[in-house]
Amino acid sequence: MDAFFASPEQQICRTLLEAYSGHGSTIIRGSSETDPLQDFARSTASGLVSAPRRLECRFLYDAEGSALFERVTQQPEYYLTRTETSILAANAACIRELTGPVTLVELGSGSSAKTDFLLRAWLEQGERVCYVPVDVSESALSGACSAITAKYPRVRVIGVNYDFREAFSLISKLSPTLVLLLGSTIGNFSPQEMSRFFMTLSGAMTPGDGFLLGIDLVKDRSLLEAAYNDAAGVTANFTRNIFARMNRELGSAIDTDAIEHVATYDRVKEQIEIYARFTRQQTFLLAPLGRQFAIPPGDMVQIEISRKFRLERVLPYLEEFGFSTEEIFTDERNWFALLLLRRRPRYYSARGRGR
Ligand code: AVJ
C-alpha cells in the first residue's frame, strides 16, 4: 500500500532488504519514473548548448559502450585496469583482514572483473558474503551478476541498476560495509562534483565503515596520452559510440565517420580531456524533444575528463570529508593507488557541514 507513496529510493531499499536474505543473484532496476530516452535527450540538448559543448559520460555505457570499455581495459597502453588489478590481487587478503566480514558495495561496478580478488578473500574467511554492485549499464550489471553467481554460489549478489550517485541511501542501510569505487572512476568528476559526491557519501556512511578508492596518479604526459589514444583505436571507437548511441536511441543521424577522437593531457588541471571533433558540419536531431542542433565543422564536444591525483593532496582533502586513511596500496612504479579509508566517528568539516 504505502509503496505508492514511497520514493524510488525508499522502494529500492525495501526490495534490497528483502533480497538480502535470499540466494543467488537479484537485480533491482532503476526507477521507472524517469524515461531513459527523455533523460538522454535532455542531457544531450543542454550539453550541446553549453560552453564548451559537453556530454555526460554516464551515457558512454550502453551495451555497446560497456563492451568497448572492456576492450579499452585490455589495450597494452591502458595501464590503469591492469595495474589496479595487480594491486588488488596482492592485497585483497590484507584488505579483508583490516575491514572484517563486511558487505561489499561497489559503485560503478561494470564487469566486476577486478572484484573477483576481493570476493575470494572474503569467501576464504567466511560462509556468507554479500556483494552489492551498482551500475548504470544494465547489460554489464546482469552479465556480472550471473557470472559471479555461477562461479561463487556462496555469494549473495544484489545488482542495483542505478546511476551510483542516486544510490546513497542504500549505503546507509547496508552498514557495516566496504564501499568500493575503483578504476579511478572518481577522476570523471569535476572538482565541485567530486566534493559534492564525497560529502554525500560520507553522510550516507556509518562511522567505522570502510571505503576503498582507486585513483590514477599524476605521471609522465606521454604515458597518460598513450593510455587514452591506443594504437588499435578502441578508445576512439568508445568515443564515437556515444554518438552512435544517439543515432540508435534518439534518431540523431550523426555521421560517425566525421568524428575524430581527441585526448590530451592538461598539465595545469592534471587531467586528460577527451573530445569528439567534427570534421564536417552536423545536424543533431533529438527526436524525443523534436529539436535539432547544428554543429559547425571543427567544433569539439567534450566527452569526459579523467583527472589524475597526487597522494599528498588527495589524502588531506579526503580528511575534510571525514575519511581517514588506513592504508595506501600502490604498485612498484607508483602509477596507481588504492586507498583504504575509514569513515571517522565524527568529523568537523572545513567545508561547513560537520557531523
Ligand atoms: C572508467 C572513467 C576510469 O577515465 O580512464 C578510459 C574511462 N575513457 N578511456 C578513465 C575511459 C577512455 C575511464 N574511467
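What radius of gyration does the protein have, and what would a compact globule of 355 residues have? The model in the viewer is a predicted one. For 355 residues, a compact globule would have a radius of gyration near 20 Å, and the protein agrees because its own value is 20 Å.

**The whole chain**

Begin with every residue displayed. The C-alpha atoms occupy a box of roughly 60 × 55 × 45 Å along the principal axes. Colouring by secondary structure brings out eleven helices and 13 strands. Of the 355 residues, 39% count as buried. Consider next the contacts between residues at least 6 apart in sequence: 75% of them join residues at least 24 apart.

**The two domains**

Select residues 8-30, 75-220 and 309-343 in one colour for domain 1, and residues 36-67 and 221-307 in another for domain 2. The centres of the two domains, taken over C-alpha atoms, are separated by 27 Å. Where they meet, 18 residues of domain 1 are in contact with 19 residues of domain 2. On the domain 1 side, the elements that give two or more residues to this meeting are α4 (79-99) and α6 (138-151).

**The nonpolar core**

Now select Val132, Val179 and Leu180. These three touch the most other members of the largest nonpolar core, which has 85 residues. Domain 1 and domain 2 each supply at least three residues to this core. Centre the view on Leu180 and leave aside residues up to four places away in sequence: Leu180 then touches Leu104, Val105, Glu106, Leu107 and Leu212.

**Helix α10**

Move to residues 234-250, which form helix α10. The 17 residues of this helix reach 24 Å from the first C-alpha to the last, close to the 24 Å expected at 1.5 Å a residue. Where does α10 bend? The bend is at Asn241 and comes to about 30°.

Show the side chains of the helix next. Its buried residues include Phe238, Asn241, Ile242, Met246 and Leu250. Arg240 and Arg245 are also among the buried residues of α10. An α-helix has 3.6 residues a turn, so residues three or four places apart point the same way. To see what covers the buried residues of α10, display, among others, helices α2 (36-48) and α3 (63-73) together with strands β7 (259-266), β8 (271-278), β9 (282-286) and β11 (300-307). Just after the helix, select Gly251, which takes a positive phi of about 65°.

**Backbone exceptions**

The last stops concern the backbone. Most residues other than glycine have a negative phi, and most peptide bonds are trans.

Go to the loop between α2 and α3, where Pro52 lies. The peptide bond from Ala51 to Pro52 is cis, with omega near -5°. Pro176 is in the loop between α7 (168-173) and β5 (177-181).

Then select Ser112, in the loop between β2 (103-107) and α5 (116-125). Ser112 is not a glycine, yet its phi is positive, at about 60°. Is Ser112 buried or exposed? Ser112 is buried, because 24 other C-beta atoms lie within 10 Å and 20 or more are required.

Finish at Glu270, in the loop between β7 and β8. Glu270 is another residue other than glycine with a positive phi, near 55°. Glu270 has 16 C-beta neighbours inside 10 Å and therefore counts as partly exposed.

Note on methods
Residues are numbered from 1 along each chain as its sequence is written. This is a predicted model: local features need pLDDT of at least 70, side-chain atom pairs count only at pLDDT 80 or more; totals for chains, interfaces and linings use all residues. A nonpolar core is a set of buried Ala, Val, Leu, Ile, Met, Phe, Trp, Tyr and Cys residues joined through C-beta atoms within 7 Å. A residue is buried if 20 or more other C-beta atoms lie within 10 Å of its own, exposed if 12 or fewer, and partly exposed in between; C-beta atoms are placed from the backbone. Domain bounds come from an automatic or database domain assignment. Two residues are in contact if their C-beta atoms, placed from the backbone, lie within 7 Å. Helices (H or I, at least four residues) and strands (E, at least two) are DSSP runs, numbered from the N terminus. The radius of gyration is taken over C-alpha atoms; the globule rule is 2.2 Å times the number of residues to the power 0.38. The expected span of a helix is 1.5 Å times one less than its number of residues. The bend at a residue is the angle between axes fitted to the seven residues ending there and the seven starting there.
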